Amino acid sequence: MEKTITIRPGEAERDPRGYARRAQRQEKVLAMATPVVFFILWEICARAGLLDSRFFPAPSAIFLSAVEMTRTGMLQQDVMASALRVLAGFAIGVITGLGAALLLGLSRLTRAALEPFLTALYTVPKLALLPLLLLIFGLGELPSVLLVGMTVFFLVWIQCMEAVLAIPENYHEAARSFGAKGWNMFRHVTWPALLPQLFISMRIAIGTAVLVIVGVEFVQASQGIGYRIWHSWSLFQANRMYVGICTVALMGFLFSSLVRWLGRVMLPWTASSTKRSR
């Protein structure tokens, strides 16, 4: 006698929307709980004397320093200076990197002529070019912005060019069968295929841009988060140094989240496909 096996639908099948909402809430709680637990443990260890307060001050002391720096306007000025440099360089890098990706991706001869040269430049550490930019443009904001732009350029160029080259040929054949060519081919085939990779490259680039600007401000700035971290270290002001480090982390997180949000708004189909694949 054969035994009948009954398969009952799970919670995800019975209430997919509710299951998705609960999963999202769980992910958000975990995302917020991790840093909270980390700082609580840090505070306990600092108060118990397990950590040397000269090098690892308690988070409460760091927070009080942040409040004082905010009250005097120092922190806002540093954040604004760094953010403007990052955003200006990021915009320059994205525009030029996307243009180069399209130019090299759509033209075989241009790619053959320029790709080896650009690849060689990509391997040069960008901070090593700061003295050259200072020599050419002098002291000021322009060298810092250009260095961020150069960093973003290469990250956007490489990934977007590869996205253009990876478009299957049958996509082009299908579009040509409907009479698409020139601008219509770009609008309906190349651009939609490129957009997801563009936002991925932008997310990587914005975080790298924050790293680069902090390195630049270590050596060439009188304002900015990087300058504040280095200046605080030179005066052995550990609390302010940690305020700068935490501010950099928060800035990178906010910029990356903003790019991710823009990607979801402009590419809703990629977000929905990601949810379905979970």
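1. A quick definition to start: the expected span of a helix is 1.5 Å times one less than its number of residues. Helices here are DSSP runs (H or I, at least four residues), numbered from the N terminus. Take helix H7 (residues 141-165): its 25 residues should span 36 Å, and its end C-alpha atoms are 36 Å apart, so the two agree.

2. Before going on, note that this is a predicted model, where local features need pLDDT of at least 70 and side-chain atom pairs count only at 80 or more, while totals for chains, interfaces and linings use all residues. Residues are numbered from 1 along each chain as its sequence is written, and side-chain values use heavy atoms, with hydrogens and water left out.

3. How confident is the predictor? The mean pLDDT (confidence in each residue, from 0 to 100) of the protein chain is 86, and 90% of its residues reach 70 or more. Where pLDDT is low, the predicted coordinates should not be read in detail.

4. Back to H7: 18 of its 25 residues are buried (under 20% relative accessible area; exposed is over 50%, partly exposed in between; 1.4 Å probe, protein chains only), so H7 is largely enclosed by the rest of the structure.

5. Ser201 sits in helix H9 (residues 183-219) and counts as buried, at 0% relative accessibility. Leaving aside residues up to four places away in sequence, Ser201 touches Leu155, Val156, Gln159 and Cys160.

6. Val37, in helix H2 (residues 16-47), is partly exposed because its relative accessibility is 45%.

Definitions and conventions. Helices (H or I, at least four residues) and strands (E, at least two) are DSSP runs, numbered from the N terminus. pLDDT is the predictor's confidence in each residue, from 0 to 100. Contact means heavy atoms within 4.5 Å.
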